[in-house]
Amino acid sequence: MLYVFLHTSIRPNALQKILQQKVSSVNTIVFGRFRDFEKQLSQAPPDAVLAARPVLDAQQLKATLRGIRDGVPTTPYVLMSNQTQISTDALGDKTIGTIDLLGRKKMTDFVTRLLKLNSSPRVKRVTKLQDLLPLLQFQLADAVLLSKSEADKIKQHSQLELQITDIDVKVGLPALACLTPRGAPICKQFESFDPTVNAQMGVEKWIK
Amino acid sequence: MDQINSRILRFSGISICAVLAALAVGCITPAKPVVPKSTPQLTLQNDPRRENFEAVLILMPLSEATQEVYLTLKDELIDSFDVIARSVTDETTPQAIGQHIQDAKPSCLVLMDNRTVHLYRSYQLSQPSGTDFPTGVVVMTSYLGSIANHLDKITGIAYEIPEVTVFRNLRTFLDQPVRKIGVLYRKVVLESYIREQMKFAAMEQFETIPIDVGKTPTPADIRRALTELRDYNQVDAIWVLNDNALFASSDLIAQGWLAELNKKPLPVVVGVTNLVQKDVHFGAFAMVPDHSALGVQTANLIYELADEDWEIGDRKIEQPLSVKTVIDYEQAVNHLNFKEEMIDRIDIVIR
């Protein structure tokens, strides 16, 4: 069994279909929400897990393969706000929107750590990348925290006056943890994925 | 709440679906009422109360949609709150609502669906003035903005997908301009709602052209409005509101909407999944609430209220963040320049 908890621009069922075709040796399940992923992970441990690197780290799963883009296994994160650029000096009392990678408490800690804050900001979690923009539009968050590449994509599709603030932080790209002997062949298959499939997961290729 | 408002507040699309189904098989005789899908398998499981845990009481009718929101919400809250759910049926009275509140002594109340909200309002009205009600969060209730003002200590999340979200999505799906949006509405009922939607839509450079079809529109009113939008205003797409009065009879649909829409395909976006059908091309797209994500948004709101000692303050009704998209594939691909590469972003494809 391959569990996938990855936020991409395509729907979870579409990603599941793509991966199931490529990794035919085991069943693939793509989760859209952290709690579902976390519960299933503890109740029925899989042979392999594909997730963003912070997710694997939080679950204490060792990455067997790391996705890389532009030659590195990390991606810069930024803050994106609407109309006014957000200052990194006064984030403690702000509401920060983010994709929920780790559940409520751990996600708040994660955001606090990434933003190098002494106290936790208010964190609004969403389940899909597409839901970050409405957070800004409807003023439910002062800024959203996301990868620079995703921020650039959102800017392409919106006419809002979106502002990017660099925060000088990098976060691990998707990685694969192979957990059982049945998981080993999955790693081999990932290494042979074509660029189109890798692009759907936000990486160019996989390295050990 | 006035009578007109109460009429739009129970939109389900069920009667319209019956008419569309009838049209699909070539018969437009008055449609038999469609009985909502029975959901006897749905149950509410309440865990024993724990010491020192505040309670969140959820009052809800049992349906697949409410169940989806409930399960996600419970999942998100259970580490911090005792979550108690009680079903609301046709037999539930305002007194029963009061009894549930008295039994659970909740810090927060979640009210799902218009029926529940109306019962709760009756309960509030029956209490002596100065009664301290628990903080309430209303979800899955049509046109909540017009209801919330009539309730004490209430906030919530609107159920209708905002125009700006609908057409920002549509803009990414189509290889043709989506800038001018036409909408038929009843000014007497939804003027302030439309005004708010236009404000949000303008931020994304959408121009909204609303046409008032009167309090009780006829098929001719619908045709006239659609013709005006298409031929005079040359709109790029039509936004169909969830207002029963716009679909009150089979004549309104067949001789109003479909008679005009079938002349020249336009991207028509509806707010009910069942209005996208392969045999009758009414809505080419539906954008509907993502109920699981709505559960997460509701949980976020409850945690924030808890952090603020359950004070509503000047908090406004939130807009829903997340949508699911349904597409009439043939209509979209053959007539509306749908970008094929976007198909993996669509939740339900009707072929």
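Modeller: Start with A:I96, which stands opposite A:V123 in β7(A). This is a predicted model, in which local features need pLDDT of at least 70, side-chain atom pairs count only at pLDDT 80 or more, and totals for chains, interfaces and linings use all residues. Residues are numbered from 1 along each chain as its sequence is written, while chains are lettered from A and ligands numbered from 1 in the order in which they are written.

Now the strands. β6 of chain A covers residues 95-99. It runs parallel to β7(A), and 5 bridges join the two. Strands here are DSSP runs of E with at least two residues, helices are runs of H or I with at least four, and both are numbered from the N terminus. Two strands pair if DSSP finds at least two bridges between them.

Step back to the sheet. It is open and has 5 strands, in the order β7-β6-β8-β5-β9 of chain A, with mixed pairing. On average, neighbouring strands are turned by 25° against each other, direction ignored. Helix α4 of chain A, residues 104-114, packs on this sheet. It touches β5 (74-82), β6, β7, β8 (143-147) and β9 of chain A. Its direction makes about 120° with that of β7(A). Such angles run from 0 to 180 degrees between N-to-C directions, with axes fitted to C-alpha atoms, for helices over the stretch in contact.

In all, 22 residues of chain A are in contact with 22 residues of chain B; contact means C-beta atoms, placed from the backbone, within 7 Å. On the chain A side, the elements that give two or more residues are β7 and α5 (132-137) of chain A. β7(A) gives the largest share, 4 residues. This side divides into 8 nonpolar, 6 polar and 8 charged residues. Ala, Val, Leu, Ile, Met, Phe, Trp, Tyr, Cys and Pro count as nonpolar, Asp, Glu, Lys and Arg as charged, and the others, Gly among them, as polar. The model scores ipTM 0.94 and pTM 0.92.

Helix α5(B) has buried residues, including B:V117, B:L119 and B:Y123. The buried residues of α5(B) pack against β1 (55-60), α4 (94-104), β3 (108-112), β4 (135-139) and α6 (145-148) of chain B.

B:Q205 sits in the loop between α8 (187-203) and β7 (207-212) of chain B. It has a positive phi of about 65°, although it is not a glycine. B:Q205 counts as exposed because it has 11 C-beta neighbours inside 10 Å.

How confident is the predictor? Chain B has a mean pLDDT of 89, and 88% of its residues reach 70 or more; pLDDT is the predictor's confidence in each residue, from 0 to 100. Over residues 1-9 of chain B it is below 50, and that stretch has 18 contacts beyond near neighbours in sequence. Residues 25-39 of chain B also stay under 50, with 20 contacts beyond four places in sequence.

Conventions:
Contact = placed C-beta atoms within 7 Å. Buried ≥ 20, exposed ≤ 12 C-beta atoms within 10 Å, placed from the backbone.
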